[in-house]
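This briefing is intended to be read alongside the sequence and the coordinates. Its points are grouped by topic.

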Amino acid sequence: MRKWLYGVAGIALLTAAACTPPADAPAEPENGAAEDVAGNGEADAAVHQDNPFFEASWDTPFGAPPFDRIREEHFVPAYERGMERHAAEIAAIADNPEPPTFENTIIAMELAGTDLDRVSRVFSTLNGSASNDAIRAIQREMSPRLARHNSAINLNEALFARIDDLYQRRDELGLDAEQARVLQVTHERFVRSGAQLEGEDRERYAEITARLSELYTQFGQNMLADEDAWRLVLTEDDLDGLGQGQIAAARQAARDRGVEDGYVITLSRSSVEPFLTFSSRRDLREQAWRAWILRGDNDDANDNKAVINQILELRLERSRMLGFPTYAHFRTAGTMAETPDAAMQLMEEVWWPARATALREADDIRARMAAQGADHELEPWDWRYYTEQVRTERYDISDDEVRPYLSLDNMIEAQFWVAGELFGLTFHERDDVPVYNPDVRVWEVRDRAGEHVGVFYGDYYARQGKRGGAWMTAFRVQNGLTGDAPLITNDANYNKPPEGEPALLTFTDANTLFHEFGHALHGLLSNTTHPSIAGTAVDRDYVEFPSQVLEHWLLTPEVLSRFARHYETGEPMPDALRERIIAARTFNEGFATVEYLASAFVDMAYHLHEDNPGAIDVRAFENEVLERWQMPDEIVMRWRSPHFGHSFSGEGYAAGYYSYLWASVLENDAVEAFHEAGGLYDLEVAESLRLNILSSGNSRTAMENYVAFRGREPRVEALLRNRGFLDDSE
Ligand SMILES: [Zn+2]
């Protein structure tokens with residue numbers, strides 16, 4: 001039997017905000033920071049009279065952002081005032097003549113910066129979900145200014161002296177467990193932000209941070225520009241193999257882009273991936289695939305390769321200033337993994353069985369191709385297409401058969417029902433909460449006793465100006481000091497159906513919905529006193545754990561029999577179909593894991609590179625790393641470097657793309673806890689999950705949370721078994 005245990009838990013730090021499954025794009029910036037607005041000082045009272053960000057509180061249901069009144073020109077002055085106030089609050093704490101106490105220093109910091117937090121979170125949502133030229137310009141202008149603002153706080157010597165004094169005396173302060181944790185996390189955050197640097201190093205550190213923030217913005221904008229610019233326009237003759245739903249979506253995409261006749265395939269994953277799966281036009285598949293993997297890598301104005309070099313160079317320099325040999329060491333310190341080695345060890349342990357599985361999958365595909373008399377090699381743009389055929393043949397199942405049972409509306413109800421069964425939550429739709437787009441839906445969330453828990457926003461459709469992928473974020477985090485309830489959002493990029501028709505999801509789409517909802521529950525059920533450690537402000541190799549766990553409820557008979565109903569006939573999904581879906585669950589898992597791990601290896605290799613990373617040839621480096629791992633030629637890494645937003649459009653998952661796998665170990669091991677008890681609806685285990693994981697945020701280390709839930713440290717076997725990499729008889 002394989003055995004793999006984590007080492008001793010490290011110190012958790014840094015808030016991971018939103019996130020996504022490997023299927024999608026990276027999380028939002030930490031702490032609502034990193035994305036902001038500037039302008040030039042002088043607040044003109046007349047101009048600000050109608051600026052909602054200048055109001056102390058919002059006269060809306062639940063104090064939700066008044067999107068109906070927020071305009072683009074409000075952001076710059078709001079950011080400026082927010083930064084000004086925050087700076088004044090911090091100065092008051094730092095210069096307080098009283099000796100430092102937990103109350104006058106740590107609590108005061110927890111309560112500071114609410115105006116800035118408010119505008120940052122609203123702006124960051126629009127930037128992700130409803131961007132345009134004006135928003136992008138504001139982001140470009142403001143992100144370095146906000147980075148400087150944050151640096152000034154992180155490098156405030158008087159402030160750090162107070163924090164450090166408290167930290168050194170921490171055992172004498174009579175703190176409770178959560179207070180001790182907040183102090184530790186705060187101290188660590190300052191140390192990692194350069195608070196202990198001296199002289200010129202301090203300035204250099206701030207300079208690097210500001211420059212990196214600009215580069216992250218540039219990387220993301222280049223990526224989006226390439227995605228927006230490209231389209232494959234199809235005529236009636238080019239639609240061979242595509243299903244009805246796909247054709248309708250391609251027609252809609254054409255209309256949205258002003259293409260009168262014809263159909264449009266875009267580079268958003270929800271458009272191009274089904275095209276690669278179903279189009280029998282090999283020439284068009286190749287065309288789409290090439291554009292897709294070359295995002296950010298076209299040697300033009302949007303090329304990201306030189307941006308990557310600059311980012312790597314600055315990250316290495318900054319890490320060394322803090323005493324770490326590489327950025328990977330800097331980033332893993334204090335996470336569950338603690339070291340790059342531990343992360344690599346897990347990746348390697350999973351890689352070889354996954355690769356062996358992928359090679360068997362390739363053999364199956366070649367057999368299928370031979371049977372069809374295909375006269376070409378298996379190329380990356382063929383994999384999805386033939387895999388779908390093998391899947392159909394072997395399990396007699398296709399997305400077209402499944403989609404009619406998985407309407408978005410029903411799946412939304414399904415996730416709410418699961419939250420009700422497990423945690424006693426109820427969801428009440430509201431039409432009086434302002435939204436930034438008419439497609440956004442809003443629900444009030446209540447607990448078993450009918451008490452208000454928070455507000456949940458769902459923004460599910462793809463649109464121009466919305467970044468790819470799916471994610472969770474918050475307009476307001478749960479705050480035990482002020483009593484604020486959380487305002488949580490889920491975003492996705494499902495194709496919007498034509499007027500009057502329901503959106504139908506693939507199984508993967510529905511899985512993503514449940515995944516993001518798992519993050520949402522982590523934010524909604526948060527129950528800590530201090531906002532800096534609330535909800536999803538946890539280690540990034542742990543933050544995906546609650547979301548991945550929730551995916552397991554989608555395929556339960558309890559959910560499918562109630563909610564997977566045919567959108568026309570209302571018939572429940574036949575048991576036989578459900579059984580076939582379950583049987584097919586580990587199908588193509590070798591491909592999925594190899595595709596993902598390839599990106600994770602490259603991400604780690606960049607950040608372990610110690611020798612002049614500014615001179616790395618990005619394409620050659622990718623190849624070198626993949627050759628080392630004997631990457632199968634027929635599979636291309638999930639995200640090639642020039643559009644690898646997880647790694648380069650922020651600090652989010654840089655040297656941390658392994659986190660999804662790490663969290664998956666926890667996920668699979670945790671689900672076994674349910675099965676060892678009464679099954680997935682066992683209320684005792686559900687209550688323990690709520691109490692020890694979903695509500696406890698970062699109030700203990702991730703490992704302490706996990707052990708409190710599971711009664712022991714996590715083990716890797718369940719993951720290997722569930723992905724079909726481990727024989728049950730072993
Ligand atoms: Zn996620």
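The points below concern a predicted model and cover helix packing, a sheet, a further helix, and selected individual residues.

**Packing of helix 3 and helix 6**
- The axes of helix 3 (residues 102-111) and helix 6 (residues 157-168) approach within 10 Å and cross at roughly 115 degrees.
- The crossing of helix 3 past helix 6 is left-handed.
- On the helix 3 side the contact involves Phe-102, Thr-105 and Ile-106, which meet Arg-162, Ile-163 and Leu-166 of helix 6.
- By residue class, this contact of helix 3 with helix 6 comprises 4 nonpolar, 1 polar and 1 charged.

- An open sheet is formed by 5 strands in the order 3-4-5-7-6, with mixed pairing.
- Strand 3 (426-430) and strand 6 (471-476) are the edge strands, each pairing on one side only.
- Direction ignored, neighbouring strands of this sheet are turned against each other by 30 degrees on average.
- Strand 6 and strand 7 (residues 487-494) run antiparallel and are joined by 5 bridges.
- Ala-474 has Ile-488, in strand 7, as its bridge partner.
- Helix 4 (residues 114-129) lies across strand 5 (452-461), strand 6 and strand 7, and runs at about 150 degrees to strand 6.

**Helix 18**
- The 18 residues of helix 18 (residues 507-524) should span 26 Å at 1.5 Å a residue, and the 25 Å between its end C-alpha atoms agrees with this.
- Helix 18 is mostly covered, with 16 of its 18 residues buried.

**Residues with positive phi**
- Most residues other than glycine have a negative phi.
- Phe-62, although not a glycine, has a positive phi of about 65 degrees.
- Phe-62 is located in the loop between helix 1 (45-48) and helix 2 (75-94).
- Phe-62 counts as partly exposed because it has 19 C-beta neighbours inside 10 Å, whereas a buried residue requires 20 or more.
- Asn-612 is likewise a residue other than glycine with a positive phi, near 50 degrees.
- The loop between helix 22 (589-608) and helix 23 (618-628) contains Asn-612.
- Asn-612 is exposed, because 11 other C-beta atoms lie within 10 Å and the limit for an exposed residue is 12 or fewer.

**Glu-317**
- Glu-317 belongs to helix 12 (residues 305-321).
- With 15 other C-beta atoms within 10 Å, Glu-317 is partly exposed.
- Glu-317 and Arg-700 are separated by 383 residues in sequence and, C-alpha to C-alpha, by 31 Å in space.

Methods
Residues are numbered from 1 along each chain as its sequence is written. This is a predicted model: local features need pLDDT of at least 70, side-chain atom pairs count only at pLDDT 80 or more; totals for chains, interfaces and linings use all residues. Axes are lines fitted to C-alpha atoms, for helices over the stretch in contact, and angles run from 0 to 180 degrees between N-to-C directions. Helices (H or I, at least four residues) and strands (E, at least two) are DSSP runs, numbered from the N terminus. A crossing is left-handed if the near helix is turned anticlockwise from the far one by less than a right angle, and right-handed if clockwise. Two residues are in contact if their C-beta atoms, placed from the backbone, lie within 7 Å. Ala, Val, Leu, Ile, Met, Phe, Trp, Tyr, Cys and Pro count as nonpolar, Asp, Glu, Lys and Arg as charged, and the others, Gly among them, as polar. The expected span of a helix is 1.5 Å times one less than its number of residues. Two strands pair if DSSP finds at least two bridges between them.
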